[in-house]
Structure formats: structure tokens, C-alpha cells
Amino acid sequence: KYMHDLSLISIENNVPIIVINTIRTVDNKEKENLEKAISPFTHVQIHLSTNGNNYSGELLSINKKTHFSYLITKQGVIEQS
């Protein structure tokens, strides 16, 4: 019901809503918490990861993957060129 209500707010007000979902590793496979509740409402997924001081991301939309690097600064998250 909560995700449905958020979807209606997004559609009615023409604003994107970002929902953060925790990912955990089970038997060397990534598993989203609340995956079944959130996935039907998901239009785009952004998977962020770190390896030491290297930050990388993957934007997943319908039939398309885009990889990018980013930095975390005092101003916030910025794409690394």
C-alpha cells in the first residue's frame, strides 16, 4: 500500500521518487530486502558500489545498462569524469 501511494503521488505531481533498498549478500549472491514489494514499482535501478576509494555505479533501466564512476565530496555525490 505504501509503494502504491508513493506511485500515485509521483504520477499526480510529476515528480520522481527515490526509494533506497538495502542489498545483502547471501551465498555469494546479492539479495534485495523487500524486493518483491518494491520491484513492481521500480522504473530504474541504480546499483552503487565501492572498492576502497573507487566508487562505481550501474544504472539499470529497461534493456539498458550504463556504468559510471562517482565521487563523494562536501558538495554531495558527483559523477567522476
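Predicted model: local features only at pLDDT ≥ 70, side-chain atom pairs only at ≥ 80, totals over all residues.
Residues are numbered from 1 along each chain as its sequence is written, and side-chain values use heavy atoms, with hydrogens and water left out.

Glu58 belongs to strand 4, which spans residues 54–61; strands (E, at least two residues) and helices (H or I, at least four) are DSSP runs, numbered from the N terminus. When residues up to four places away in sequence are not counted, Glu58 is in contact (heavy atoms within 4.5 Å) with Gln45, Ile46, His47, Lys65, Thr66, His67 and Phe68.

Ile9 is placed in helix 1, residues 2–13, and counts as partly exposed because its relative accessibility is 42%. Pro16, by contrast, is found in the loop between helix 1 and strand 1 (23–26), and it counts as exposed because its relative accessibility is 76%. Although Pro16 and Leu6 are 10 residues apart along the chain, their C-alpha atoms are separated by 9.8 Å.

Strand 1 and strand 2 (residues 29–32) run antiparallel and are joined by four bridges, where pairing requires that DSSP finds at least two bridges between two strands. Within this pair, Arg24 stands opposite Lys31 of strand 2. The hairpin of these strands has two residues between them, and Asp27 takes a positive phi near 50 degrees there.

Definitions and conventions. Buried < 20%, exposed > 50% of the residue type's maximum accessible area, 1.4 Å probe, protein only.
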